[in-house]
Amino acid sequence: MHFQYASDQSLLVTLGDRIALETHHRIRKLLKLLEDEPIPEIRNLHPAYCSLLINFNPCLTTHGQLEQALLARIPRIESLLLPPANRVEIPVCYGGEFGPDLPGVAQLHGLTQDEIIRIHSSAIYHVYFLGFVPGFAYLGGLHESIATPRLDSPRKRVEPGSVGIAGQQTGVYPFPTPGGWRVIGRTPIALFHPGRTNMSLLALGDEVRFRAVTPQEYRDSS
């Protein structure tokens, strides 16, 4: 565990150096501990792949005092039990007009498009954190055989529901935004809706499985 002063009112707690489930679980346990035993001076918590950024009120505490408060709680992390993961299935129409980068991804890896689809839709992904825009979940667990770098030049607009790959990550764009991930498909499901009780379909710790559907099934679900 490493502490770094990120600003005059934020402390970065690093728990690992790579995308790994073990690190992810430790971050979730630290979050749960701070929810069960809140530190009043903390304003916001921002989890990432390997770290937790803690924003605090600098009028009420200092970096050093907050660090000591955290160190006093750390020994209890390992004994915490996390709730069972919520499993979410997301239908995806791969390729064609919905996945313009699928042919390029297949060519890059020397695979067929069907093989890319099979590999992508057979894995179980984990929601490591949400960011970029509301409802955008960073999903770890992409098989290394189809890990693909971002586009050299990002698109000015990526359609909502687009399923993309970037490095060893995959994710779904909730809104039309610029983006540089390789788009291999699209889902008709809304990943974020302000009218829902849980506005974001996905939450930290969820497990995600993609299911390939036909263009007609996509349109029937839209």
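Which residues line the largest pocket?

Modeller: This is a predicted model, in which local features need pLDDT of at least 70 and side-chain atom pairs count only at pLDDT 80 or more, while totals for chains, interfaces and linings use all residues. Residues are numbered from 1 along each chain as its sequence is written, and side-chain values use heavy atoms, with hydrogens and water left out.

The lining of the largest pocket consists of Arg28, Leu31, Lys32, Glu35, Leu82, Pro83 and Leu204. A pocket here is an open set of points on a 1 Å grid over the protein atoms alone, where a 1.4 Å probe fits, with protein on both sides within 12 Å along at least five of seven lines; a lining residue has an atom within 4 Å of a point. The volume of this pocket is about 180 Å³, a volume being the space filled by probe spheres set on the points, which are joined across faces, edges and corners. Four of the lining residues are nonpolar, three are charged and none is polar. In this scheme Ala, Val, Leu, Ile, Met, Phe, Trp, Tyr, Cys and Pro are nonpolar, Asp, Glu, Lys and Arg are charged, and the others, Gly among them, are polar.

Helix H1 covers residues 21–36. Helices (H or I, at least four residues) and strands (E, at least two) are DSSP runs, numbered from the N terminus. H1 has 16 residues and reaches 22 Å from its first C-alpha to its last, close to the 22 Å expected at 1.5 Å a residue; the expected span is 1.5 Å times one less than the number of residues. Two of the lining residues, Arg28 and Leu31, also belong to the buried residues of H1, which are Thr23, His24, Ile27, Arg28, Lys29, Leu30, Leu31, Leu33 and Leu34. Buried means under 20% relative accessible area, exposed over 50%, and partly exposed in between (1.4 Å probe, protein chains only). An α-helix has 3.6 residues a turn, so residues three or four places apart point the same way.

What do the buried residues of H1 pack against? Their partners are strands S2 (10–14), S3 (42–47), S4 (51–56) and S6 (125–130), together with helix H2 (63–73). Contact means heavy atoms within 4.5 Å.

Of these partners, S2 may be taken next. S2 runs antiparallel to strand S1 (residues 2–7), to which five bridges join it; two strands pair if DSSP finds at least two bridges between them. Phe3 is opposite Val13 in S2, and a hairpin connects S1 to S2 through two residues. S2 is also joined to S4 by five bridges, again in the antiparallel sense. Ser10 has Asn55 of S4 as its bridge partner. Leaving aside neighbours within four places in sequence, Asn55 is in contact with Gln9, Ser10, Ile42, Arg43, Asn44 and His46.

Helix H2 contains His63, a buried residue with a relative accessible area of 13%. His63 touches Tyr5, Ser7, Asp8, Gln9, Ser10, Leu11 and Phe56, not counting residues up to four places away in sequence.

The remaining partner is S6. Five of the six residues of S6 are buried, so this strand is largely enclosed by the rest of the structure. S6 pairs in the antiparallel sense with strand S13 (residues 207–212) over two bridges, where Tyr125 stands opposite Val208. S6 also pairs with S7 in the antiparallel sense, over four bridges, and His126 has Gly140 of S7 as its bridge partner. The hairpin of S6 and S7 has six residues between the strands, and Phe132 takes a positive phi near 75° there.

Buried residues make up 47% of the 222 residues. Of the contacts with a separation of 6 or more, 63% are between residues 24 or more positions apart.
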